[in-house]
Amino acid sequence: MVTQLPLDGAPLVKNGPTGVTIRLARNDEAETLCQIERSAAQAFRLIEAFSWLSVGDVQSAETHRRLTAAGTNWVAADGSGRPLGFLSAEVADEDLHICEISVSHLHQGFGLGRKLIEHAIENAAARGLEAVTLTTFRTIPWNCPFYERLGFRILEDGEFSPRLTDLMDREDADGLSRDTRCAMRLDVNA
Ligand SMILES: CC(C)(COP(=O)(O)OP(=O)(O)OC[C@H]1O[C@@H](n2cnc3c(N)ncnc32)[C@H](O)[C@@H]1OP(=O)(O)O)[C@@H](O)C(=O)NCCC(=O)NCCS
């Protein structure tokens, strides 16, 4: 039995999934990945101010299939090939932009998210891109602070590309208040 980390980050139970590998998602897994994102969002119930996110919209199956076709939609699969988490990204300008990353609730805190992001960084480097970018919540422990530990830095307002400015504006209009959000960047091939 595995369980979610408490807010201090200490795992309650230590046995995570074994034989985890990162591979490209398959088209027939799109609906499963939507379910994984719904499961992952249960983590937000730990924080009252963000608990509404636990029942929010998820990335569509159609978007999963589009990013799978582009070769930028990866899953963390267990030893029997079952997806437990995913990272969806797209190439935008000279960046690989992470659109969404989710690990099913019961499998969080066992390093799958870290593996997925490291894979995305390696892929961006192999494509000769300049950076990996994302937008996220500033204060949620498994968002901005986690990405900072992986080498991402918060972009100041003056550093935003037009693409990231547009994205932050759209998120704000969709109810993800800019006050709570940040854009982050990790340079690759530096
Ligand atoms: C973000 C997410 C994908 C990370 O996946 P994961 O498999 O749990 O990632 P890891 O186990 O590699 O690491 C999670 C990190 O967050 C920290 N963390 C996780 N839950 C935590 C909690 N409740 N309190 C404090 N820290 C926590 C862990 O300590 C770990 O940090 P470390 O590796 O530097 O020690 C996963 O937590 C998730 O799906 N969350 C819900 C959806 C979400 O927030 N998506 C990202 C939107 S930008």
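I begin with two helices: helix H1 (residues 30-40) packs against H2 at an angle of about 120°, and their axes are 8 Å apart. Helices here are DSSP runs of H or I with at least four residues, strands are runs of E with at least two, and both are numbered from the N terminus. Axes are lines fitted to C-alpha atoms, for helices over the stretch in contact, and angles between N-to-C directions run from 0 to 180 degrees.

The model is predicted, so local features need pLDDT of at least 70 and side-chain atom pairs count only at pLDDT 80 or more, while totals for chains, interfaces and linings use all residues. Residues are numbered from 1 along each chain as its sequence is written, and side-chain values use heavy atoms, leaving out hydrogens and water.

Which residues of H1 and H2 meet? On the H1 side they are Ala30, Glu31, Leu33 and Cys34, and on the H2 side Ala61, His64 and Arg65, where contact means heavy atoms within 4.5 Å. By class, this contact of H1 with H2 has four nonpolar, one polar and two charged residues; Ala, Val, Leu, Ile, Met, Phe, Trp, Tyr, Cys and Pro count as nonpolar, Asp, Glu, Lys and Arg as charged, and the others, Gly among them, as polar.

Let me turn to the sheet. Seven strands form an open sheet with mixed pairing, in the order S1-S2-S3-S4-S5-S7-S6; two strands pair if DSSP finds at least two bridges between them. Strand S1 (21-24) and strand S6 (153-154) stand at the edges with a single partner strand each, so one side of each is left without a neighbour in the sheet. Helix H2 (residues 61-70) packs on this sheet, touching strands S2 (73-77), S3 (83-92) and S4 (95-103), and its direction makes about 70° with that of S3. Helix H3 (residues 112-126) lies across S1, S2, S3, S4, S5 and S7, running at about 165° to S4.

Strands S5 (residues 131-137) and S7 (residues 181-187) run antiparallel and are joined by seven bridges. Within this pair, Leu134 stands opposite Met184 in S7.

Finally, two loop residues. Leu46, in the loop between H1 and H2, counts as partly exposed at 37% relative accessibility. Asp93 lies in the loop between S3 and S4 and has a positive phi of about 55° although it is not a glycine. Is Asp93 buried or exposed? Asp93 is exposed, with a relative accessible area of 56%; buried means under 20%, exposed over 50%, and partly exposed in between, using a 1.4 Å probe and protein chains only.
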